[in-house]
Amino acid sequence: MTAPADYRVSHLDELEAESLFIMREVVAELERPVLLFSGGKDSIVMLRLAQKAFAPANIPFPVMHVDTGHNFREVLEYRDQRVAEMGLHLVVASVPEALASGLVHESPDGMRNRI
């Protein structure tokens, strides 16, 4: 009888597997998870990991973009394109709308974060 083949997982494969496990656990344990999506490289990777975690099914939670009002048009177009391609529910929270409605107040120094 031959010895079993030496099976090794690369460091990146290990990190990916852990990420997929965490995403599945979040969906199993939390009521209303959401994936924040800015359109940057980090959130693009997170979106791809979510896709892999639940394939062949759709991602079981919405994608949320916090629109600061300072986004590049291309980023918003990419966001909308990816969301449409993947059949996802997109939630957009608009900082300018929150300011206009009085939900968020900007201090005279331009800061929006409470201390």
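Trainee: What do the buried residues of H2 pack against?
Mentor: They pack against H1, strand S1 (35-36), strand S2 (63-67) and H3. Helices (H or I, at least four residues) and strands (E, at least two) are DSSP runs, numbered from the N terminus. Buried means under 20% relative accessible area, exposed means over 50%, and partly exposed is in between, with a 1.4 Å probe and protein chains only.

Trainee: Before going on, what sort of model is it, and how are residues numbered?
Mentor: This is a predicted model, in which local features need pLDDT of at least 70 and side-chain atom pairs count only at pLDDT 80 or more, while totals for chains, interfaces and linings use all residues. Residues are numbered from 1 along each chain as its sequence is written, and side-chain values use heavy atoms, with hydrogens and water left out.

Trainee: Back to H2. Which of its residues are buried?
Mentor: Ser43, Leu47, Leu49, Ala50, Ala53 and Phe54. They lie on the same side of H2, because they cover an arc of only 160° around the axis. The arc is that of the directions from the helix axis to the C-beta atoms.

Trainee: What span should H2 have, and what are its ends doing?
Mentor: The 14 residues of H2 should span 20 Å at 1.5 Å a residue, and the end C-alpha atoms are 20 Å apart, so the two agree. The expected span is 1.5 Å times one less than the number of residues.

Trainee: Which residues have the most contacts inside the largest nonpolar core?
Mentor: Met23, Leu47, Ala50, Ile59, Phe61 and Leu88, in a core of 15 residues. A nonpolar core is a set of buried Ala, Val, Leu, Ile, Met, Phe, Trp, Tyr and Cys residues joined through side-chain atoms within 4.5 Å.

Trainee: Which helices supply it?
Mentor: Helix H1 (11-29), helix H2 (41-54) and helix H3 (73-86) each supply at least two residues of this core. H2 gives the most, with 5 residues. In soluble globular proteins, nonpolar side chains tend to be buried together.

Trainee: What does Met23 touch?
Mentor: Leaving out residues up to four places away in sequence, Met23 touches Met46, Leu49, Ala50, Ala53 and Phe54. Contact means heavy atoms within 4.5 Å.

Trainee: New topic. How many salt bridges are there?
Mentor: The count comes to 5. A salt bridge is a side-chain nitrogen of Lys or Arg within 4 Å of a carboxyl oxygen of Asp or Glu.

Trainee: Which residues are linked in a network?
Mentor: Arg73, Glu74 and Glu77 are linked by salt bridges. Between Arg73 and Glu74 the N to O distance is 3.5 Å, and between Arg73 and Glu77 the closest N and O atoms are 3.0 Å apart. Arg73 and Glu77 both lie in H3, 4 residues apart, about one turn of the helix.

Trainee: Is Arg73 buried or exposed?
Mentor: Arg73 is exposed, with a relative accessible area of 53%. Glu74 is partly exposed at 46%, and Glu77 is partly exposed at 42%.

Trainee: And what does Glu85 meet in a salt bridge?
Mentor: Arg82, at 2.7 Å from N to O.

Trainee: Which peptide bond is cis?
Mentor: The one from Ala55 to Pro56, with omega near 5°. Pro56 lies in the loop between H2 and S2.

Trainee: Last one. What does UniProt place at residues 33-107?
Mentor: An unreviewed UniProt entry places the feature "domain: Phosphoadenosine phosphosulphate reductase" there. UniProt positions are given in the numbering used here, feature names are shortened, and annotations may be inferred rather than shown by experiment. In the model, that span is 47% helix and 16% strand.
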